[in-house]
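Me: Hi! I'm new to this one and would like a friendly walk through it. Could you take my questions as they come?

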Amino acid sequence: MRTYFPYTIFPLGDTALTVDFGNCIDQDLSAHVMGIFKYLQSHPLNGFIECVPAYSSLTVFYNPGVLKKEIRNNETISEIAREKIEEILENKSCALTSQFRTVKVPVCYNDALAPDIRHITREKKISKQELISIHSTPEYRVYMLGFLPGFAYMGEIVEKIRMPRKPTPQRVHAGSVGIAGNQTGIYPINSPGGWHIIGRTPIRLYEKKDNDNFSTFFQPGDIVQFYSISRDEFENY
Amino acid sequence: MNLKIIKAGICDSIQDGGRHGFQYMGINPGGAIDMFSMRTVNLLAGNPEYAPVIEMSFPAASVFFDAPAIIAIGGADFSATLNGNPVPSFHPVLIGANSTLKFEQGKEGRWCYLAVNGNMGAEKWLGSYSTHTKIEAGGWRGRLLKKGDIIPFTNLTGVQSMADKKHEVLKWKAVPFYDDALPNEIYVLTGNEWDYISDDGKRIFGQEAFSVSRTSDRMGYTLDGPAISTATQCELISSVVDYGTIQLLPGGQMIVLMAGHQTTGGYPRIAHVIKAHRTKIAQLKEDKPLCFRITDIQTAEQLFLKQEHHLTILKNGCSMMWSDYLKKQCMST
């Protein structure tokens with residue numbers, strides 16, 4: 001496993017900085033990003049609002065009103081934030097997260113719940129059974145949550161069934177399993193979406209118990225195994 | 001003490017300073033789209049600046065107060081009336097019981113804020129009263145306000161009640177904040193994918209006028225105007241975006257992400273509206289062309305700090321005026 005990951009830091013406007021490890025999907029890199037994320041969650045920096053991990057980057061939001069108190073010389077607030085982040089990246093050993101859970105996710109690939117499945121099988125000249133097998137055989141990694149509450153970005157989809165995003169988003173039902181490029185993901189709620197829908201899971205992707213309790217089914221780093229279920233099993237799940 | 005929505009607006013919700021710390025789960029911060037106006041009306045009404053308010057677009061709700069209240073409205077100018085009489089924006093207003101607040105005409109701007117002194121009986125979810133309509137949590141039952149909603153607010157202390165259906169506009173007011181930018185000029189910082197745009201695209205971005213399209217909402221403002229062409233094909237892995245991030249869609253159209261934006265996106269981030277100009281772009285209507293001007297981080301930060309300073313002065317001023325007002329009342333009784 002690699003231990004050093006080259007990075008660049010770029011501003012995301014005037015109130016956030018993104019640490020970018022390259023525009024790529026890589027499991028070691030993801031573990032590294034999660035390691036830094038966990039470190040920053042347990043050691044919050046003064047003036048920092050929150051940090052958000054993504055596939056190969058981590059974005060830190062800061063409060064310029066708080067950080068301005070640390071201005072020395074002609075530094076900008078953005079530079080102060082950058083120095084603080086660099087210090088952590090260079091000096092702190094943010095342990096790579098290595099323990100990941102495996103979660104099994106039932107998916108019903110029935111045409112009625114998979115509006116785009118026929119289009120893909122025609123386009124890719126494969127049978128529906130092949131498509132199901134290609135989608136449900138590999139183990140996927142949850143790289144990040146984003147877009148919607150509890151939406152997990154998973155990778156990587158086998159080359160053979162990769163599809164670009166739809167040109168215009170369409171209405172997508174909660175639980176829909178979509179694919180786009182080398183990613184797959186599940187819509188937690190009804191939403192417009194641009195991914196191709198190939199099935200639906202009966203699983204609830206988040207729980208809102210009370211006003212301070214919210215949990216998501218997926219966690220970044222999870223190893224996901226899909227398995228095919230029938231329409232009956234879906235309805236009675 | 002309640003306020004009752006007697007006519008629904010088209011997109012009215014309870015908002016506050018936003019929900020921070022949960023973007024890693026995909027929960028966006030939300031909050032008022034024009035935070036500057038929201039903070040201003042709260043301070044005028046004698047509230048903490050990030051207290052929950054009612055955010056309205058036009059046509060806006062009509063609101064009935066069954067008890068005396070102190071309110072402030074501001075942001076967009078929707079020609080507000082109390083019991084049929086015009087009331088100005090950005091003043092504290094004392095109102096008597098059984099008063100009706102209406103908004104007659106969408107004159108200027110997109111989002112108007114109503115602050116009511118005291119605590120609004122709204123739902124706090126994950127540390128914020130902002131309405132998250134997708135999860136149906138926070139604010140008022142996690143949804144837009146509807147006709148018939150009755151929102152309680154707490155008792156006022158120290159201010160003499162106005163007579164029924166009367167109101168008094170207090171003399172002091174918040175002055176607008178101006179900077180060196182032209183009224184239609186939006187300052188931006190270039191984004192990480194700026195160089196994905198062609199030279200011609202960069203010229204168009206910096207010189208042409210754009211306008212906010214009709215399909216815009218709290219999530220994002222799509223811009224009408226000439227298309228921005230790219231220099232290179234780019235397929236990006238999704239990463240984090242923010243309020244103010246300008247994404248370039250495949251057809252060359254730009255979308256400015258607003259307060260209700262998603263946490264992540266995969267389109268090129270060509271620029272970011274500076275924080276100090278969020279209030280300005282938030283209030284632009286379809287008929288108001290806008291121009292982008294690329295600035296630097298120093299300028300962006302200076303403008304932000306100036307705006308914060310402006311609000312600090314207002315905060316100190318309001319707390320002084322309110323304590324004076326209450327003292328005078330004590331003496332006269």
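Reply: Happy to. One term to begin with: contact means heavy atoms within 4.5 Å. Please also keep in mind that this is a predicted model.

Me: Okay, then what covers the buried residues of helix 1 of chain B?

Reply: The cover includes strand 2 (13–15), strand 3 (53–56), strand 5 (69–77) and strand 10 (108–116) of chain B. Helix 3 (278–282) and helix 4 (297–332) of chain B are also among the covering elements.

Me: And how many residues of that helix are buried?

Reply: Nine of the 10 residues in helix 1 (residues 35–44) of chain B are buried, so this helix is largely enclosed by the rest of the structure. "Buried" here is under 20% relative accessible area.

Me: Which ones are they?

Reply: The buried residues are Phe36(B), Ser37(B), Met38(B), Arg39(B), Thr40(B), Val41(B), Asn42(B), Leu43(B) and Leu44(B). After helix 1 of chain B comes Gly46(B), which has a positive phi, near 80°.

Me: Let's switch to the two chains. How many residues does each one put into the contact?

Reply: Chain A provides 47 residues and chain B provides 44 residues. Between them the chains bury about 3800 Å², with 61% of that on carbon and sulfur atoms.

Me: Which residues of chain A lose the most area to chain B?

Reply: Those are Asp14(A), Glu50(A) and Phe214(A), which together make up 16% of what the chain A side buries.

Me: How many salt bridges and polar contacts are there between the chains?

Reply: The salt bridge count between chain A and chain B is zero. For polar contacts, the count is 12 residue pairs, with both residues at pLDDT 80 or more.

Me: Which element gives the most to chain A's side?

Reply: That is strand 3 (residues 48–53) of chain A, which gives five residues to the side touching chain B. Sorted by kind, the chain A residues on that side are 25 nonpolar, 15 polar and seven charged.

Me: New topic: what about strand 5 of chain A, mostly covered or mostly uncovered?

Reply: Mostly covered. In strand 5 (residues 102–108) of chain A, five of the seven residues are buried.

Me: Which strand is joined to it, and how do the two run?

Reply: Strand 5 of chain A is joined by seven bridges to strand 15 (residues 223–229) of chain A, and the two run parallel. Within this pairing, Val103(A) stands opposite Val224(A) of strand 15.

Me: Where are the cis peptide bonds you can tell me about?

Reply: One goes from Gly155(A) to Glu156(A), with omega near -10°. Glu156(A) is in the loop between strand 7 (152–155) and strand 8 (170–172) of chain A. Another joins Phe58(B) and Pro59(B), where omega is about 0°. Pro59(B) sits in the loop between strand 3 and strand 4 (62–65) of chain B.

Me: Which residues other than glycine have a positive phi?

Reply: Lys125(A) is one of them, with phi of about 55°, and Lys165(B) is another, with phi near 55°. Lys125(A) lies in the loop between helix 4 (117–124) and helix 5 (128–136) of chain A. Lys165(B) lies in the loop between strand 11 (150–152) and strand 12 (167–169) of chain B.

Me: Are those lysines buried or exposed?

Reply: Lys125(A) counts as exposed because its relative accessibility is 74%, and the cut-off for exposed is over 50%. Lys165(B) is exposed too, with a relative accessible area of 54%.

How values were computed. Residues numbered from 1 in each chain as written. Chains lettered and ligands numbered in written order. Predicted model: local features only at pLDDT ≥ 70, side-chain atom pairs only at ≥ 80, totals over all residues. Heavy atoms only, no water. Buried area = accessible area lost by both parts, 1.4 Å probe. Salt bridge = Lys/Arg side-chain N within 4 Å of Asp/Glu carboxyl O. Polar contact = N/O pair within 3.5 Å; in protein donor to acceptor, adjacent residues only side chain to side chain. Helix = DSSP H or I, 4+ residues; strand = E, 2+ residues; numbered from the N terminus. Nonpolar A, V, L, I, M, F, W, Y, C, P; charged D, E, K, R; others polar. Buried < 20%, exposed > 50% of the residue type's maximum accessible area, 1.4 Å probe, protein only. Pairing = 2+ DSSP bridges.
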